[in-house]
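Here is a short briefing on one chain. Please keep the sequence and the structure in view while reading.

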Amino acid sequence: MSELWIPAVEVESAHGIREVSLRTRHLMDRRIFLTGQIDAALADAFLSQMLYMEQTESEPVTVYINSPGGEVNSGLMIYDAIADSSLTVNTVCTGMAASMAAIILAGGKRGHRYILKHSKVMIHEPLISNGVGGSATSIKNISESILETRDILNGILARQCHRTLEEINKATQFDNFMNAEDAIEFGICDKIADSIRVA
């Protein structure tokens, strides 16, 4: 698989004109992209960028999300970095925010959670990625761990969406796809973005 090409742009400063990658330019403009499968590497990169943002200025940060979800622990690390930040964090769904990515989307500052008009959100219970095997005790422990994870994730959604835990438990029993209007009505987002420049 070939590496994605990231174009370079020219940036003017007191030291003259220099070339930087477009991703670097976006970071300078306080924009972070959360794209693709959520895993430890993506979470580490995200945390590094958030730490940089918190040390440099107090201006808002905009996080653009287009992800099918991924690892719960990595996703919770990203969620905590957004929800506990001293900065105003805008979250923007730019294609699909599914599973763990939907919880991250909901974690933005209330009133600052956006979705593009043709984007979608999907929520569901946590899934077991590999086949379950082993002793009865091991299977019981795995089951208890999954239920505990479900309670944590559904608790976050209940708080962020201003819904009861019973409503969230019912809504996540299946792959629950929502268009932009549905996601706003449910409480995961606050408004449809008029433009991709929401900050």
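His 162 sits in the loop that links helix H5 (136-161) and helix H6 (165-171). The model is predicted.

- His 162 is not a glycine, yet its phi is positive, at about 55°.
- His 162 has a relative accessible area of 62%, so it counts as exposed.
- Ser 99 also has a positive phi of about 55°, and it is not a glycine.
- Ser 99 lies in the loop between strand E5 (89-98) and H4.

**Nonpolar cores**

- In general, nonpolar side chains of soluble globular proteins tend to be buried together.
- The largest nonpolar core has 43 residues. Within it, Phe 46 and Ile 188 touch the most other members.
- Helix H4 (residues 100-106) makes the biggest contribution to this core, with 7 residues.
- Another core lies apart from the largest one and has 6 residues. Tyr 64, Val 92, Leu 116 and Val 198 are among them.
- Which residues does Ile 188 touch, not counting those up to four places away in sequence? They are Ala 102, Leu 105, Ala 106, Arg 113, Val 121, Ile 123, Leu 157, Cys 161, Met 178 and Ala 183.

**Helices H2 and H3**

- The axes of helix H2 (residues 40-56) and helix H3 (residues 72-83) come within 8 Å. They cross at roughly 15°.
- The crossing angle is under 35 degrees, so H2 counts as roughly parallel to H3.
- The crossing of H2 past H3 is left-handed.
- From H2, the contact involves Ala 40, Ala 43, Asp 44, Phe 46, Leu 47 and Met 50. From H3, Ser 74, Met 77, Ile 78, Ala 81 and Ile 82 meet them.
- Sorted by class, the contact of H2 with H3 has 9 nonpolar, 1 polar and 1 charged residues.

**Arg 159 in H5**

- Arg 159 belongs to helix H5.
- Is Arg 159 buried or exposed? Its relative accessibility is 52%, so Arg 159 counts as exposed.
- Arg 159 is in contact with Tyr 79 and Arg 110, leaving aside neighbours within four places in sequence.
- Arg 159 and Gly 187 are 28 residues apart in sequence. Their C-alpha atoms are 9.8 Å apart in space.

Terms used: Residues numbered from 1 in each chain as written. Predicted model: local features only at pLDDT ≥ 70, side-chain atom pairs only at ≥ 80, totals over all residues. Heavy atoms only, no water. Core = buried A, V, L, I, M, F, W, Y, C linked by side-chain atoms within 4.5 Å. Buried < 20%, exposed > 50% of the residue type's maximum accessible area, 1.4 Å probe, protein only. Helix = DSSP H or I, 4+ residues; strand = E, 2+ residues; numbered from the N terminus. Contact = heavy atoms within 4.5 Å. Axes fitted to C-alpha atoms, helices over the stretch in contact; angles between N-to-C directions. Parallel < 35°, antiparallel > 145°, perpendicular 65-115°, else oblique. Left-handed = near helix turned anticlockwise from the far one by under 90°. Nonpolar A, V, L, I, M, F, W, Y, C, P; charged D, E, K, R; others polar.
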